[in-house]
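Please keep both at hand.

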Amino acid sequence: MLAAKVVSPSTSRVSCFFGTGRRKSSVARVCLLEGTGKLVINNRSGNIYLQSNPSYLEAVRAPLETLGYEGRYDIVVKTQGGGTTGQAEAIMMGVARALCEIDAMNRFPLRKQGYLTRNSSCKERKKYGLKKARKAPQFSKR
């Protein structure tokens, strides 16, 4: 994950910092741009994409709030796979990784809060003879 310079058509240079987050089967590619704190996910407003769910919106902005960067960066995300919860947590991890690209000193507080740790838990597979992963059919004595 390298910090890259993106050149806009008006020849002004805009620095974009990239981070990739994963959770369950979701993958989020995050780009942090200096700005006013807007959130854009898959070319839609973050508020609309995350269904105005306060816990999802709070999770996405949590790494910025930890460092006190609430209104300094715009978040632009391309995400795919999984559901809204997995995508929100993947975006959170991607934002944290992008903040580490901005300054290496950001790593310690983000690591302490757990934003850089991959949560690898996923759905358990169904076993034969059972209805679901662990649910057994009803027992009949006779």
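Is arginine 134 buried or exposed? Arginine 134 is exposed, because its relative accessible area is 69%. Here buried means under 20% relative accessible area, exposed means over 50%, and partly exposed lies in between, with a 1.4 Å probe and protein chains only.

Before going further, a word on the model: it is predicted, so local features need pLDDT of at least 70 and side-chain atom pairs count only at pLDDT 80 or more, while totals for chains, interfaces and linings use all residues. Residues are numbered from 1 along each chain as its sequence is written, and side-chain values use heavy atoms, with hydrogens and water left out.

**Salt bridges**

A salt bridge is counted when a side-chain nitrogen of Lys or Arg is within 4 Å of a carboxyl oxygen of Asp or Glu.

| Pair | N to O distance |
|---|---|
| Arginine 23 and glutamate 89 | 2.7 Å |
| Glutamate 124 and lysine 127 | 2.5 Å |
| Glutamate 124 and arginine 134 | 3.1 Å |

Arginine 23 belongs to strand 2 (residues 13-23) and glutamate 89 to helix 3, so this pair links distant parts of the chain, 66 residues apart. Helices (H or I, at least four residues) and strands (E, at least two) are DSSP runs, numbered from the N terminus. Arginine 23 is buried, at a relative accessible area of 12%, whereas glutamate 89 is partly exposed at 28%.

Glu124, Lys127 and Arg134 are linked in a network of salt bridges. Glutamate 124 and arginine 134 each lie in the segment after helix 4, so their pair ties together parts that are ten residues apart in sequence. Glutamate 124 counts as partly exposed at 36% relative accessibility, and lysine 127 is partly exposed as well, at 25%.

**A positive patch**

Lys123, Lys131, Lys132 and Lys135 gather in a patch of positive charge on the surface. Members of such a patch have over 30% relative accessible area and no salt bridge, and like charges are joined within 9 Å. Lysine 135, one of the four, lies in the segment after helix 4 (107-113) and counts as partly exposed, at 48% relative accessibility.

**The nonpolar core**

Which residues touch the most other members of the largest nonpolar core? Of its 30 residues, they are Leu50, Ile75, Ile91, Leu99 and Leu110. A nonpolar core is a set of buried Ala, Val, Leu, Ile, Met, Phe, Trp, Tyr and Cys residues joined through side-chain atoms within 4.5 Å. Two or more residues come from each of strand 3 (26-34), strand 4 (39-41), helix 2 (54-67), strand 6 (73-80) and helix 3 (84-102). Helix 3 gives the largest share, nine residues.

**Backbone details**

Lysine 24, in the loop between strand 2 and strand 3, has a positive phi near 50 degrees. Glutamine 51 has a positive phi of about 60 degrees; this residue sits in the loop between helix 1 (46-49) and helix 2 and is exposed, at 56% relative accessible area.

Finally, glycine 114 is in the segment after helix 4 and is partly exposed, at 33%.

Technical notes:
Patches are made of residues with over 30% relative accessible area and no salt bridge: like charges are joined within 9 Å, nonpolar side chains (Val, Leu, Ile, Met, Phe, Trp, Tyr) within 5 Å. Accessible areas come from the Shrake-Rupley method with a 1.4 Å probe; for residues, only the protein chains shown count as cover. Lys and Arg count as positive and Asp and Glu as negative; His and the chain ends are not counted. The place of a charge is taken as NZ of Lys, CZ of Arg, CG of Asp or CD of Glu.
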